[in-house]
Amino acid sequence: MDHVVPVSELRSYNQMLSEVQEGPHVVLTKNGYAKYVVTDYEEWQKMKATIDLFSELQNGVQSHKVEPSLSLDELKSHTKGS
């Protein structure tokens, strides 16, 4: 579960950063509403890679809807010619 901290507590950012290492995310609030998320860099890289993968999958789904499909024989003939 995320750790929620008011942004005003950034004055003691060393303690907040140690909490990031202990858990997945620290949510910083401003005026009582979630505003920022602090996370471990490796975790951020994983999330970004996941988003990029889903974006590419969505591109494939959209392409499949627009472009005609190939039969297995058509695909084989296209790959032999390359």
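The expected span of a helix is 1.5 Å times one less than its number of residues, and helices (H or I, at least four residues) and strands (E, at least two) are DSSP runs, numbered from the N terminus. Helix α2 covers residues 41-66, and because its 26 residues at 1.5 Å each should span 38 Å, the 38 Å between its end C-alpha atoms agrees with that expectation. This is a predicted model, in which local features need pLDDT of at least 70 and side-chain atom pairs count only at pLDDT 80 or more, while totals for chains, interfaces and linings use all residues. Residues are numbered from 1 along each chain as its sequence is written, and side-chain values use heavy atoms, with hydrogens and water left out.

At the start of α2, the backbone nitrogen of Glu-42 has a side-chain oxygen of Asp-40 within 3.2 Å. Met-47 also belongs to helix α2, and Met-47 counts as partly exposed because its relative accessibility is 32%, where buried means under 20% relative accessible area, exposed over 50%, and partly exposed in between (1.4 Å probe, protein chains only).

Turning to the whole protein chain, there are 3 helices and 3 strands, and from the N terminus on these elements follow the order β-α-β-β-α-α. Of its 82 residues, 12% count as buried. Among the contacts (heavy atoms within 4.5 Å) with a separation of 6 or more, 10% join residues 24 or more positions apart.

Note on methods
A polar contact is a pair of N or O atoms within 3.5 Å; within protein, one must be able to donate a hydrogen and the other to accept it, and residues adjacent in sequence count only if both atoms are side-chain atoms.
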